[in-house]
Amino acid sequence: MSENVGRAFQRASSYERERLEQEERTLDWRSRPPAYKFYTHVPVISLPSPLPTPDEPPLPDLLTCVARRRSLRSFAAAPLTLLELSRLLWASAGITARFTTPYGQDFYRAAPAAGALYPIETYLVVSKVENLEPGLYHYRVAGVDMLERPIAEGSHSLEQLQTGDFRSAVAGAALDQPFVARAAVVFLWTAVFARSEWKYRERAYRYVYLDAGHMAAHLALAAVALGLGSCPVAAFYDQEANAFLGVDGSAEGVVYMAAVGRPSRPFATRRPEAELTARPKA
Ligand SMILES: Cc1cc2nc3c(=O)[nH]c(=O)nc-3n(C[C@H](O)[C@H](O)[C@H](O)COP(=O)(O)O)c2cc1C
């Protein structure tokens with residue numbers, strides 16, 4: 001019986017001591033693919049600062065957010081604020097620090113990524129966000145200078161690719177899962193595979209999925225911190241999802257999605273987490 005494709009991939013992308021030690025390990029920086037994607041000639045909307053201000057009430061602590069997180073598929077009709085969306089984007093994909101490469105400065109981001117290569121792009125189907133037209137958007141992580149080097153100016157903004165109601169199109173691509181159409185925002189993460197392949201070759205195909213998973217986990221916890229809910233979605237028709245975003249599925253393809261919205265009932269009415277985590281009486 002022939003080996004199935006998943007197992008063949010796992011084997012072919014395994015590191016083996018003998019093979020790895022023989023391989024040429026130096027990186028050719030001149031052949032590094034561009035680390036940022038931009039849409040030009042589209043409206044660009046800058047997002048409010050995601051960081052908490054001193055005058056706002058503190059957000060729930062991290063462990064409370066972990067305890068409260070559940071995949072949410074029942075969304076209220078109320079919209080998200082632009083500040084909430086800004087925080088979700090920043091917590092999952094935003095820049096948090098600088099570092100230096102042989103070609104100048106670059107940025108670390110909120111979620112870890114293998115080799116700091118950041119192969120994952122974020123697209124949004126916006127349906128219900130205050131002061132933001134419904135439509136399809138792409139997250140601009142950082143700006144660029146005249147030499148196309150990343151800079152902080154122009155970072156953390158949205159490129160408006162198309163306005164319109166894309167709820168049924170995105171839910172259709174997501175295996176017709178109805179809750180996806182009821183989300184205030186759907187995050188769609190694509191991988192630009194070459195960014196990671198440049199360094200990791202076949203093994204890159206393991207790492208890009210892990211990178212996307214970290215971003216989704218950050219999004220899920222940030223959503224809970226803001227009193228929102230999310231559900232990860234990996235069940236989608238690949239061709240439909242890629243065609244929806246206008247990517248080819250090979251150089252760049254959808255790897256993951258998440259539906260986000262306001263919960264249709266407050267967290268407090270759900271089963272208290274203390275019940276599950278309480279220590280037994282001595
Ligand atoms: C990789 C992955 C893919 C998922 N895809 C879907 C999906 O397509 N549709 C869905 O309703 N839930 C999806 N989920 C959510 C899981 O069903 C959910 O995480 C699981 O039931 C555990 O529940 P919890 O998230 O509330 O802890 C996915 C979760 C993961 C991690």
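Predicted model: local features only at pLDDT ≥ 70, side-chain atom pairs only at ≥ 80, totals over all residues.
Residues are numbered from 1 along each chain as its sequence is written.

**The whole chain**
- You'll find 10 helices and 11 strands in the chain; helices (H or I, at least four residues) and strands (E, at least two) are DSSP runs, numbered from the N terminus.
- The radius of gyration is 20 Å, close to the 19 Å from the globule rule for 282 residues, so the chain is as compact as a globular protein of that length. That radius is taken over C-alpha atoms, and the rule is 2.2 Å times the number of residues to the power 0.38.
- Along the principal axes, the C-alpha atoms fill a box of roughly 60 × 55 × 40 Å.
- Of the 282 residues, 35% count as buried. Buried means that 20 or more other C-beta atoms lie within 10 Å of a residue's own (exposed is 12 or fewer, partly exposed is in between), with C-beta atoms placed from the backbone.

**Strand β4 and its partners**
- In β4 (residues 120–126), 7 of the 7 residues are buried, so the strand is largely enclosed by the rest of the structure.
- Ile120, Thr122, Leu124 and Val126 sit on one side, with Glu121, Tyr123 and Val125 on the other, and all are buried.
- β4 runs antiparallel to β9 (residues 185–192), joined by 7 bridges; strands pair if DSSP finds at least two bridges between them.
- β4 also pairs with β5 (residues 135–140), again antiparallel, over 4 bridges.
- Val126 has a bridge partner in each: Val185 in β9 and Gly135 in β5.

- Just after α8, Gly227 takes a positive phi of about 80°.
- In β10 (residues 229–233), 4 of the 5 residues are buried, so this strand is largely enclosed too.
- β10 pairs with β11 (residues 252–261) in the antiparallel sense over 5 bridges, and Pro232 stands opposite Ala258 in β11.

**Around the ligand**
- Among the residues around the ligand are Arg70, Gln177, Cys231 and Pro232; a residue counts if its C-beta atom, placed from the backbone, lies within 6 Å.
- By class, the shell has 5 nonpolar, 2 polar and 2 charged residues. Ala, Val, Leu, Ile, Met, Phe, Trp, Tyr, Cys and Pro count as nonpolar, Asp, Glu, Lys and Arg as charged, and the others, Gly among them, as polar.
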